[in-house]
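Subject: Handover of a structure for your study

Dear colleague,

Please find below the structure that I am passing on to you. After it, I set out what was found.

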Amino acid sequence: MVAYKSKVVERIQLPSRERRATALEEAGYNVFELSADDVFIDLLTDSGTGAMSDDQWAALMRGDEAYAGSSSFDRLESAVADVMGFEHVVPTHQGRGAENVLYGTLLSEGDVALNNTHFDTTRAHVSNQGADPVDCPVPAAHDPEANEPFKGNFSLERARAVVDEVGAERVPLVILTVTNNSAAGQPVSVENTRRVRAFADEIDAAFVIDACRFAENASFVTRREDEYADATVAEVAREQLGYADALVMSGKKDGLVNVGGFVATDDEELFERCKQRAILYEGFPTYGGMAGRDVAAMAVGLREAVEESYVEDRVEQVRELGAMLEEAGLPVYEPVGGHAVYLDAGATFPGIPADEFPGQALVCELYREGGVRGVELGSFAFPETDRPELVRLAVPRRTYHREHFEHVVETAAAVLERREEVSGLEIVSDPAVPELRHFSAALEPVSAEAPTAVDGGLE
Ligand code: F0G
């Protein structure tokens, strides 16, 4: 059931076929390099791209811009306490700022961090501390067809094998990412969270939850975990997050804002250490790199994120896009996750080998065909890891409607129709940080017969 109506609108337009082809070429076949003006439906990310509510816009006007002791920070503290159950908050400019603050505090050279799956900035921050990020997804996570309820779970079996190999003293940190963004936005059960808590205690490690999409995760728990069938999203969120020693949060997801993040903890000593590092990298600990007004909007957003009507509508909308794409014959990762529909590009283009990036080819064709921007999360984004060739169509919160989705489905169906003509890609310029290469590497089609300006495409 839809839970909002529009009060402000933003014009969008579909550029011509010729313009789309030229823009793609100019962008080096990397959609991060496109101008957003050349994009019609932008499903690159659900991060910071959603619409704020009228209450959040009102809060912006009341933002307190004091350098120290801002009352907007007091509102954030009280929202984090009420919604997430943590007493201390260190605000940061966005999620990766929180990662730098927390992981820079908890990790040292030679350490190992375990995570159900490291998101790319998480992996890069762990590596940046000289530590080794090791993923522990459950086996079903990388099977696009396994229809299981909690494919985002953390594999304790895998984690134990790593600890046996490297020794518990090298593993000071266990992270649980809810939902598991790099495993198709799949949820994590509360039961698994409890077991990860016990495991972290067993090896004497800190237990951190990456809570970016905590409300969507809690919604899945109420739908799929019997024990919580009668619980509210707000109740599940508090319980699940409560198992952690600390949270890293990007407000750009379930904080329902365009910028912001924080670390939250009940541990006094950890709080003090994070605060000191935050002053160095983010700002004074009552603004943390945000404007006071942004802090105020995030305080409201966190509360809205656990409202039943909001989160049900959100998860249902993403599910509906998945069902529409599946009906049009696209191979969709099953079941559909919380913030995005993931297409299986390996199954879409069986003729394109992994080293020619079938996912990136699909991303480029969706743009060429209909001005739709998604993102590759396969061999291009995650070199040297063994994962399916996925393309993520992330749905910004409270932004698009069924008509937009109909265009996306029509576009994807047209690409599928001419799949035989689609060429793989090769990298022609590679940036220095391998974990982040997909943001700026330039590519070229492998085959000269790749579709050019006027082949196919919706008007
Ligand atoms: N952790 C997870 C699980 C994320 O998905 C992200 C961001 C971050 C940390 C970092 O947060 O962007 O505020 O610095 N994910 C975005 C995405 C970028 O598109 O999935 P940030």
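Over residues 42–409 the chain is 44% helix and 13% strand, with the end C-alpha atoms 14 Å apart. Helices (H or I, at least four residues) and strands (E, at least two) are DSSP runs, numbered from the N terminus. UniProt lists this stretch, residues 42–409, in an unreviewed entry as "domain: Aromatic amino acid beta-eliminating lyase/threonine aldolase"; positions from that record are given in the numbering used here, feature names are shortened, and annotations may be inferred rather than shown by experiment.

Please note that this is a predicted model, in which local features need pLDDT of at least 70 and side-chain atom pairs count only at pLDDT 80 or more, while totals for chains, interfaces and linings use all residues. Residues are numbered from 1 along each chain as its sequence is written, and side-chain values use heavy atoms, with hydrogens and water left out.

The ligand

Which residues come nearest to the ligand? Of the 17 residues around the ligand, they are Thr-45, Arg-96, Asp-210, Ser-250 and Lys-253; a residue counts as near if one of its heavy atoms lies within 4 Å. By class, this shell has two nonpolar, eight polar and seven charged residues. Here Ala, Val, Leu, Ile, Met, Phe, Trp, Tyr, Cys and Pro count as nonpolar, Asp, Glu, Lys and Arg as charged, and the others, Gly among them, as polar. Helix H4 (residues 95–106) gives the most to the shell, with three residues.

Some polar contacts (pairs of N or O atoms within 3.5 Å) may be noted. An oxygen atom of the ligand is 2.8 Å from a polar backbone atom of Gly-95. A ligand oxygen atom also lies 2.7 Å from a side-chain N or O atom of Thr-45, and 2.7 Å is likewise the distance from a ligand oxygen atom to a side-chain N or O atom of Ser-250. Taken alone, the ligand exposes 470 Å², of which the protein buries 93%; these areas come from the Shrake-Rupley method with a 1.4 Å probe.

Backbone features

One runs from Val-178 to Thr-179, with omega near -20°; Thr-179 is in the loop between strand S5 (173–177) and helix H7 (190–202). Another joins Glu-334 and Pro-335, with omega about -20°, and Pro-335 is found in the loop between helix H12 (308–327) and strand S9 (340–344).

Finally, Asp-204 has a positive phi of about 60° although it is not a glycine. Asp-204 is in the loop between H7 and strand S6 (206–210).

Yours sincerely

Conventions
Polar contact = N/O pair within 3.5 Å; in protein donor to acceptor, adjacent residues only side chain to side chain.
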